[in-house]
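Work through these exercises with the sequence and the model side by side. Try each task before you read its solution.

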Amino acid sequence: MIGHINTLTIVKEVDFGLYLDGGKLGEILLPIRYVPQGCKIGDSLDVFLYHDSEDRVIATTDTPYAMVGECAYLKCIATNKAGAFLNWGLMKDLLVPFNQQKPPMEEGKSYIVYLYIDDQSGRIAASAKLDRFLFQDSDEDFKIGEKVSLLNANKTDLGHKVIINHTHWGLLHEQRLSRPIRRGERFTGYIKNIRDDGKIDVAMHLNTRKKLDDTAETILEELRQNSNFLPLTDKSSPEDIFSYLSISKGLFKKSIGTLYKKKFIRLESDGIYLNTDIPMHKKQETQPAKHSKKASPRSIPKDVWGKK
């Protein structure tokens with residue numbers, strides 16, 4: 001199938017490569033530069049199929065950044081009368097026709113596009129007019145709590161507009177961010193809610209308690225690996241916190257509060273210190289203790305980080 005990975009059998013060996021059995025497509029050339037060592041007639045290879053500059057179906061063992069039916073954040077490397085050309089990881093660049101650009105693309109900039117087969121030429125092309133290919137709402141396509149692939153497309157007043165599984169639009173609300181995300185970044189998320197109008201809300205994490213425990217363990221591990229000290233406080237910038245721990249400032253403060261209440265750390269004006277006199281057995285120590293009564297919260301010293 002054009003635009004996808006196919007498992008094809010070697011049927012002929014020539015000086016300039018191998019010919020593979022492409023079924024209805026006939027014999028397909030795999031150029032010699034892509035031929036793995038030790039291949040022989042009868043072996044099967046996983047190859048990506050596309051058209052070369054002479055409009056012949058050709059195979060490659062290289063994997064592109066995206067395949068037909070997928071979205072990707074790709075850089076424009078050239079423009080001409082035919083359209084814009086994007087780097088998608090293969091020798092032949094990916095064409096975005098003028099009528100599929102929104103706005104006109106510029107060399108050096110990156111764009112989120114959808115890959116499709118052009119009806120007239122049969123070639124793989126890309127489009128920045130994503131609404132033509134993505135569903136705006138869900139008609140029993142997803143379930144609450146379902147794990148999905150997300151691609152961050154655009155920042156909005158409410159949060160981030162994301163592409164779900166290459167097929168649907170969704171919204172990641174700002175308050176559900178556990179860390180900063182970049183435009184074009186791909187990450188795993190979950191279906192949080194499907195509204196009455198079918199619009200989809202997503203989240204980076206569903207189990208907040210588990211995420212908090214995992215983050216607390218990450219902080220402990222960073223302390224152990226940095227001589228039991230991290231130069232971070234509640235006055236630290238979100239950028240500094242992310243550079244050390246790859247988490248948001250809000251999640252950082254919640255996790256620090258959890259560790260402080262359990263006396264795993266002490267907070268000083270210059271940062272966080274690990275309490276080495278308290279024995280810990282790694283991950284299990286960060287799990288909430290089971291008591292019949294809820295323990296009273298232990299407040300952070302007001303003279304250290306300024307707030308209780």
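**Exercise 1**

In which strand is H51 found? Decide also whether H51 is buried or exposed, and list what H51 touches.

Solution. Keep in mind that this is a predicted model.
Step 1: Locate the residue. H51 belongs to strand β4.
Step 2: Check its cover. The relative accessible area of H51 is 12%. Buried means under 20%, so H51 is buried.
Step 3: Look for contacts beyond four places in sequence. H51 touches I2, R56, V57, I58, K92, G122 and R123.

**Exercise 2**

Where does D52 lie, and which backbone nitrogen lies 2.8 Å from a polar atom of its side chain?

Solution. 
Step 1: The loop between β4 (44–51) and β5 (57–60) holds D52.
Step 2: D52 has a relative accessible area of 9%. That value is under the 20% limit, so D52 counts as buried.
Step 3: Find the polar partner. The backbone nitrogen of R56 lies 2.8 Å from a polar atom of the D52 side chain.
Step 4: Not counting residues up to four places away in sequence, D52 touches I58, K92 and R123.

**Exercise 3**

Which members of the largest nonpolar core touch the most other members, and which strand gives this core its largest share?

Solution. 
Step 1: Pick out the members. The largest nonpolar core has 35 residues, and M105, V113 and I124 touch the most other members.
Step 2: Trace the source. β4 supplies the largest share of this core, with five residues.
Step 3: Look beyond this core. Another core lies apart from it, with 19 residues, including I219, I241, I256 and I272.
Step 4: Inspect the surroundings of I124. Leaving aside neighbours within four places in sequence, I124 is in contact with several residues, among them I2, F48, Y50, W88 and L115.

**Exercise 4**

In what order do the five strands of the open sheet run, and which strands are at its edges?

Solution. 
Step 1: Write down the order. The sheet reads β8-β7-β6-β9-β10, with antiparallel pairing.
Step 2: Find the edges. β8 (94–97) and β10 (124–127) are the edge strands, because each pairs on one side only.
Step 3: Consider the angle. On average, neighbouring strands of this sheet are turned by 55° against each other, direction ignored.
Step 4: Zoom in on one pair. Strand β6 (residues 71–80) and strand β7 (residues 83–87) run antiparallel and are joined by five bridges. Within this pair, C76 stands opposite L86 in β7.

**Exercise 5**

N80 is found in strand β6. Which residues is N80 in contact with, leaving aside neighbours within four places in sequence?

Solution. 
Step 1: List the contacts. They are F85 and F98.
Step 2: Compare space with sequence. N80 and F98 are 18 residues apart along the chain, and their C-alpha atoms are separated by 9.7 Å.
Step 3: Check the polar side. A polar atom of the N80 side chain lies 2.8 Å from the backbone nitrogen of A82.
Step 4: Classify the residue. N80 has 40% relative accessibility, so it counts as partly exposed.

**Exercise 6**

How many residues lie between β2 and β3 in their hairpin?

Solution. 
Step 1: Read the turn. Five residues lie between the two strands, and G23 in the turn has a positive phi of about 65°.
Step 2: Describe the pairing. Strand β2 (residues 17–21) runs antiparallel to β3, with five bridges joining them. L18 has L30 as its bridge partner in β3.
Step 3: Judge the cover. Strand β3 (residues 27–31) is mostly covered, with four of its five residues buried.

**Exercise 7**

Solution. 
Step 1: Find the partner strand. Four bridges join β17 to strand β18 (residues 271–274), and the two run antiparallel. R266 stands opposite Y273 in β18.
Step 2: Finish with the link. β17 and β18 are joined in a hairpin through two residues.

Key: Residues are numbered from 1 along each chain as its sequence is written. This is a predicted model: local features need pLDDT of at least 70, side-chain atom pairs count only at pLDDT 80 or more; totals for chains, interfaces and linings use all residues. Side-chain values use heavy atoms; hydrogens and water are left out. Buried means under 20% relative accessible area, exposed over 50%, partly exposed in between (1.4 Å probe, protein chains only). A polar contact is a pair of N or O atoms within 3.5 Å; within protein, one must be able to donate a hydrogen and the other to accept it, and residues adjacent in sequence count only if both atoms are side-chain atoms. Contact means heavy atoms within 4.5 Å. A nonpolar core is a set of buried Ala, Val, Leu, Ile, Met, Phe, Trp, Tyr and Cys residues joined through side-chain atoms within 4.5 Å. Axes are lines fitted to C-alpha atoms, for helices over the stretch in contact, and angles run from 0 to 180 degrees between N-to-C directions.
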